[in-house]
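The points below are grouped by topic and can be checked against the coordinates.

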Amino acid sequence: MLIVADENIPLVDSFFGDFGEIRRVSGRGLSAAEVRDADVLLVRSVTRVGRELLEGSRVRFVGTATIGTDHIDVDWLEQAGIRFASAPGCNANSVAEYVLSVLSAYAEKRGLEDWTELTVGIVGVGNVGGELAHKLERLGFEVRLCDPPRADLEGEDGPEFVSLEQALACDVVTLHTPLTRDQQHATYHMVGAEQLAGLTSDQLLVNAGRGEVIDTEALRARLDEPNPPLVALDVWEREPRIDPSLVDRIWIATPHIAGYSLEGKVQGTEMIYQALSKYLGLPVRKKSGQFLPEPALSKVAFTSAAEEADAIRVALRLCYDPRPDDGRLRTIMTGSAEERAAGFDRLRRNYPVRRECSSVTVQLKGSSKSLQDSFRAVGFKLKI
Ligand SMILES: NC(=O)c1ccc[n+]([C@@H]2O[C@H](COP(=O)([O-])OP(=O)(O)OC[C@H]3O[C@@H](n4cnc5c(N)ncnc54)[C@H](O)[C@@H]3O)[C@@H](O)[C@H]2O)c1
Ligand SMILES: O=C(O)[C@H](O)[C@H](O)COP(=O)(O)O
């Protein structure tokens with residue numbers, strides 16, 4: 001069996017080595033000729049998969065080691081009898097930690113002693129938005145949830161949902177929807193001039209879903225008007241050819257790495273391995289945990305009550321701080337459009353190892369029960 005796999009999927013040899021020959025390819029711009037003789041194709045979000053790539057090939061199984069599936073023509077795969085699997089939820093915790101760290105930096109920027117003073121509107125309450133809401137609620141934030149498809153489906157049985165307009169009235173609005181077009185509640189350019197007009201300089205807008213959910217031209221125009229909101233973008237229209245003039249105008253700019261914790265990436269590989277094993281009728285023998293190395297930072301100790309006052313935010317930042325990623329993206333925003341696009345992909349390909357909070361044990365001395373609960377809410381292990 002020949003498995004053609006994106007070179008940026010980690011641990012492909014460890015998970016898939018027993019199945020057959022593996023050929024690593026660059027996912028961006030993958031050609032039909034490169035996959036024609038493959039049986040299995042494993043991709044990430046940068047490869048468009050559909051008729052153009054696969055018609056006439058031997059491919060019988062396609063796996064994407066990602067949550068998002070907007071790069072896949074799922075209907076065509078089904079018609080062509082090609083089995084498809086994605087990795088729902090694989091990096092949801094990673095994205096939730098990214099947003100928490102952005103929130104922490106935002107509270108610091110605004111000089112807030114208590115970050116839970118901020119109200120947070122979450123748009124798209126699935127695996128990512130749901131995980132984020134869970135953490136924020138346990139931390140004591142007031143959270144508003146906006147998810148019209150879920151509201152339609154769950155009605156009175158679901159949680160209380162608000163409209164997009166109500167979510168956009170929160171101090172922080174964070175977008176976690178898939179990219180959809182031509183359907184009810186489609187998200188393409190869901191946040192456009194009208195929605196942006198209502199945001200003020202007292203607000204933060206975060207997008208860690210897909211770039212096309214915000215209308216870039218409208219955002220750039222809004223940021224040139226009086227009282228613009230602060231903006232943190234992890235995802236962009238037309239990646240990797242992102243708009244450098246937008247980068248200049250926003251507060252935090254990262255190269256689509258919110259989901260790039262090692263745990264999140266490896267779970268993505270594990271989930272498509274499980275799906276392929278099932279498709280082939282083979283037992284699932286491997287687990288992501290067996291391949292995760294010891295983290296470089298495994299323990300953080302707070303030894304005095306004074307340190308504990310800001311302990312959560314300090315610990316969070318030790319695990320992940322978006323500002324170095326922002327700095328790296330800004331340094332590659334020079335040169336030609338080609339060079340910038342190559343730089344964007346390079347930052348993603350060579351992304352440093354980032355571990356989730358669950359890989360760190362926090363030691364607290366004489367801490368309050370509520371501080372302990374907060375550490376647990378974020379995901380840290382605790383030693384009292
Ligand atoms: N930045 C990153 O690194 C990163 C990482 C993971 C996922 N993502 C993106 O985030 C998206 C969400 O991930 P998920 O795991 O939560 O997916 P999910 O499918 O579990 O949840 C998506 C939620 O969005 C809701 N939704 C759909 N249309 C909506 C609309 N118009 N308004 C409000 N809500 C709407 C759905 O009902 C669903 O509950 C993915 O599709 C992917 O594109 C980005
Ligand atoms: O959908 C996802 O899972 C994320 O957006 C994922 O982090 C994308 O990473 P990529 O496939 O572009 O490397």
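In this predicted model, 4 bridges join strand S12 to strand S13 (residues 361-364), and the two strands run parallel.

**Sheet of 3 strands**

- S12 and S13 belong to an open sheet of 3 strands, ordered S12-S13-S14, with parallel pairing.
- Strand S12 (299-302) and strand S14 (381-383) are the edge strands; each has a single partner strand, so one side of each lacks a neighbour in the sheet.
- On average, neighbouring strands of this sheet are turned by 25° against each other, direction ignored.
- Within the pairing of S12 with S13, Lys299 is placed opposite Thr361 in S13.

**Sheet of 6 strands**

- Another open sheet has 6 strands in the order S7-S6-S8-S9-S10-S11, and its pairing is parallel.
- Its edges are strand S7 (142-146) and strand S11 (252-253); because each has a single partner strand, one side of each is left without a neighbour in the sheet.
- S10 and S11 run parallel and are joined by 2 bridges.
- Leu233 has Ala253 in S11 as its bridge partner.

**Helix H14 against helix H17**

- Helix H14 (residues 311-319) packs on helix H17 (residues 369-378) at an angle of about 25°, and their axes are 10 Å apart.
- With that angle under 35 degrees, H14 is therefore roughly parallel to H17.
- The crossing of this pair is right-handed.
- From H14, the residues Ala311, Ile312 and Leu316 meet Leu371, Ser374, Phe375 and Val378 of H17.
- By class, this contact has 6 nonpolar residues, 1 polar residue and no charged residues.

**Helix H5 against helix H14**

- H14 also packs with helix H5 (residues 92-109), here at an angle of about 125° with the axes 10 Å apart.
- H5 and H14 are therefore oblique to each other.
- Their crossing is left-handed.
- Glu97, Leu100, Ser101 and Ser104 in H5 meet Arg313, Leu316, Arg317 and Cys319 in H14.
- The residues of this contact divide into 3 nonpolar, 2 polar and 3 charged.

**Backbone features**

- Most residues other than glycine have a negative phi, and most peptide bonds are trans.
- The peptide bond joining Glu239 and Pro240 is cis, with omega about 5°.
- Pro240 lies in the loop between strand S10 (230-233) and helix H11 (244-249).
- His185 is not a glycine, yet has a positive phi of about 60°.
- His185 is located in the loop between strand S8 (172-175) and helix H9 (193-197).

**Annotated domain**

- An unreviewed UniProt entry lists residues 32-280 as "domain: D-isomer specific 2-hydroxyacid dehydrogenase catalytic".
- Over residues 32-280, the chain is 38% helix and 14% strand.
- The end C-alpha atoms of this range are 24 Å apart.

Technical notes: Residues are numbered from 1 along each chain as its sequence is written. Chains are lettered from A and ligands numbered from 1 in the order in which they are written. This is a predicted model: local features need pLDDT of at least 70, side-chain atom pairs count only at pLDDT 80 or more; totals for chains, interfaces and linings use all residues. Axes are lines fitted to C-alpha atoms, for helices over the stretch in contact, and angles run from 0 to 180 degrees between N-to-C directions. Angles under 35 degrees count as roughly parallel, over 145 as roughly antiparallel, 65 to 115 as roughly perpendicular and the rest as oblique. A crossing is left-handed if the near helix is turned anticlockwise from the far one by less than a right angle, and right-handed if clockwise. Two residues are in contact if their C-beta atoms, placed from the backbone, lie within 7 Å. Ala, Val, Leu, Ile, Met, Phe, Trp, Tyr, Cys and Pro count as nonpolar, Asp, Glu, Lys and Arg as charged, and the others, Gly among them, as polar. UniProt positions are given in the numbering used here, feature names are shortened, and annotations may be inferred rather than shown by experiment. Two strands pair if DSSP finds at least two bridges between them.
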